[in-house]
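I open my notebook to look up charged pairs, a sheet and some helix contacts. Here are the entries in the order I made them.

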Amino acid sequence: MVSNLAGGRSPRHGVEPGTQLGALEAYAAQAHGYLSAGGEQLSQLAGLLRPLVLESWLRSLRSGVDPMDVLSERGLRGADLQRYRDAHPMAALMPLVDKLLVEDAARTCLIVLIADQFGRVLWVHGKPEQVAAAAEIGLRAGDDLSERRVGTNAVGLVVRTGRAAWIHGPEHFLHRMHQITGAAAPVHDPDGRLVGVLVIAGGVRVAKPEILALVKATATAAEMDLLLSAMRSGRHGGPGRDRPEPAAPAESRGLGLDVLGLGQPQLTIAGDRVPLSQRHAEILLLLAEHPEGLGADHLALLLDDTDLDNGTIRAAMSRLRSVVGPTVFGSRPYKLRVHVATDVEALRAALDSGDVDSALRLYAGPVLPRSTAPGIIDIRDELRVRLRTAVLGSREASVLRRWTAGAEGRDDAAAWAAYRSVVDRDSPLYAQIEAKIRVLDRRLGADATRMQRSGS
């Protein structure tokens, strides 16, 4: 322990890896005590955690992550994982990462993780005994280490912030990760998009400043390798080559679209989030959902089942170009020229991989709930049905609890019945669920009687 612990002062903000570790451990352990108590005790966290860690803990709480979460078998495995990582841009960097990071880390009994831009682990390298030990706490190839899935950790912070980060011991939100320290750095492509995360993980030695410096240096070398490859293939401007037009920042830096939930749709342009009108969000989402492109007539039908003329469509597309840039999509048909990463796409990916827990965390609410566009209604209904089906089929109490606690599952009688079936009959929770089911049964019976009286 360090000398200032007895004085009760919180650890110095901006602390570097390798300094004041005893204080960090003690204060983080105390913070976990307040976290377990909940309620008003959560206000005590601010004086105990580094600001970056505190913000991540609060996001983890809002996402419903359970600090006592146990290891599950969810994640990409086998042939699915192999196909995914073989096609990933980080695969081309592995010889460089092996030379600069993996060989030295293995000799010192540390492990190296390579994750994708979403926080999913692609590879884990190290001595077999260290790799096996890491797997026992959830550091496995194919696992999702995003903040929304496992709470505060080095990979999740890098994905969230785009900046290098380190997390030590009990600073991790999950108790099962308290025996490990991680130092992570982002890898960006030549256009500034995050493509992966490099991590060294192990014991207290990882908290040394030189470890984080090593990971950051390797990430920089990887970015230079991506840049040189792009220049050789002519995909990126170098000396003597034309630069992208300044009028198309979105095309050169990437686009993101958030349309789930009651809030205003958000557009991410080169890392900056800006509010988007509902009509523009509808158009962008429909174009993202139809990569083959949409003619003006087809787009009009998807936006409005009444007579929406082509002139109105052209005017809407012209206004949208002024927001995203003139070269983001082409005409005849209207078609995206760049990838737009949507939260709908991320939710589908979680469902496709069978990760119902992550899908629930991503599901902030229905797709553009105020929209009456036929094409949007179809997407909204499809996602809700897929998610609900996955929830009911999961047979996991934590998943069913989260669904029934939300707006769409609160009165879902079938979900409550499924929840009851996986809870111990002798527990107080079983009685609470049983009472809720009885309330729903009475309400449904009353609704049916009213419908009969009204002749419906």
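**Entry 1**

I started with R348. Is R348 buried or exposed? I read a relative accessible area of 17% for R348. The cut-off for buried is under 20%, so R348 is buried. I keep in mind that this is a predicted model.

Next I looked for the partner. R348 forms a salt bridge with E382. The closest N and O atoms are 2.8 Å apart. I then checked where the two sit. R348 is in helix 13 (residues 343-352) and E382 is in helix 15 (residues 374-394). They are 34 residues apart in sequence, so the pair ties those parts together. E382 is partly exposed, at 28% relative accessible area.

**Entry 1: R388 and D412**

I stayed with helix 15 and moved to R388. R388 makes a salt bridge with D412, with 2.6 Å between the closest N and O atoms. What does this pair tie together? R388 lies in helix 15, while D412 lies in the loop between helix 16 (397-405) and helix 17 (413-421), so parts 24 residues apart in sequence are tied together. R388 counts as partly exposed, at 25% relative accessibility. D412 is buried, at 7% relative accessible area.

I noted a general point here. Side chains of opposite charge can pair when their charged atoms come close. How many salt bridges does the structure hold? I found 22 salt bridges.

One of them joins D357 and R149, at 3.2 Å from N to O. This pair links distant parts of the chain. D357 is in helix 14 (residues 356-362), R149 is in helix 6 (residues 147-150), and they are 208 residues apart. Both D357 and R149 are buried. I also found D357 and R149 in a network of salt bridges with D69, R176, R361 and R402.

The buried residues of helix 16 are V399, L400, R402, W403 and T404. Their cover includes helix 14, helix 15 and helix 17.

I found an open sheet of 4 strands in the order 8-7-6-11, with mixed pairing. Which strands stand at the edges? Strand 8 (272-275) and strand 11 (340-342) do. Each has a single partner strand, so one side of each is left without a neighbour in the sheet. Neighbouring strands are turned by 25 degrees against each other on average, direction ignored.

I checked one pairing closely. Strand 7 (residues 266-269) and strand 8 run antiparallel, joined by 4 bridges. L267 stands opposite V274 in strand 8. Helix 13 packs on the sheet and touches strand 6 (255-258) and strand 11. The direction of helix 13 makes about 60 degrees with that of strand 11.

**Entry 2: two crossing helices**

Last, I looked up helix 11 (residues 296-303) and helix 12 (residues 310-324). Their axes come within 10 Å and cross at roughly 85 degrees. Angles of 65 to 115 degrees count as roughly perpendicular, and helix 11 and helix 12 are therefore roughly perpendicular to each other.

Which residues meet? A296, D297, L299, A300 and L303 in helix 11 meet N310, I313 and M317 in helix 12. I sorted the residues of this contact into 6 nonpolar, 1 polar and 1 charged.

Methods
Residues are numbered from 1 along each chain as its sequence is written. This is a predicted model: local features need pLDDT of at least 70, side-chain atom pairs count only at pLDDT 80 or more; totals for chains, interfaces and linings use all residues. Side-chain values use heavy atoms; hydrogens and water are left out. A salt bridge is a side-chain nitrogen of Lys or Arg within 4 Å of a carboxyl oxygen of Asp or Glu. Buried means under 20% relative accessible area, exposed over 50%, partly exposed in between (1.4 Å probe, protein chains only). Contact means heavy atoms within 4.5 Å. Two strands pair if DSSP finds at least two bridges between them. Axes are lines fitted to C-alpha atoms, for helices over the stretch in contact, and angles run from 0 to 180 degrees between N-to-C directions. Angles under 35 degrees count as roughly parallel, over 145 as roughly antiparallel, 65 to 115 as roughly perpendicular and the rest as oblique. Ala, Val, Leu, Ile, Met, Phe, Trp, Tyr, Cys and Pro count as nonpolar, Asp, Glu, Lys and Arg as charged, and the others, Gly among them, as polar.
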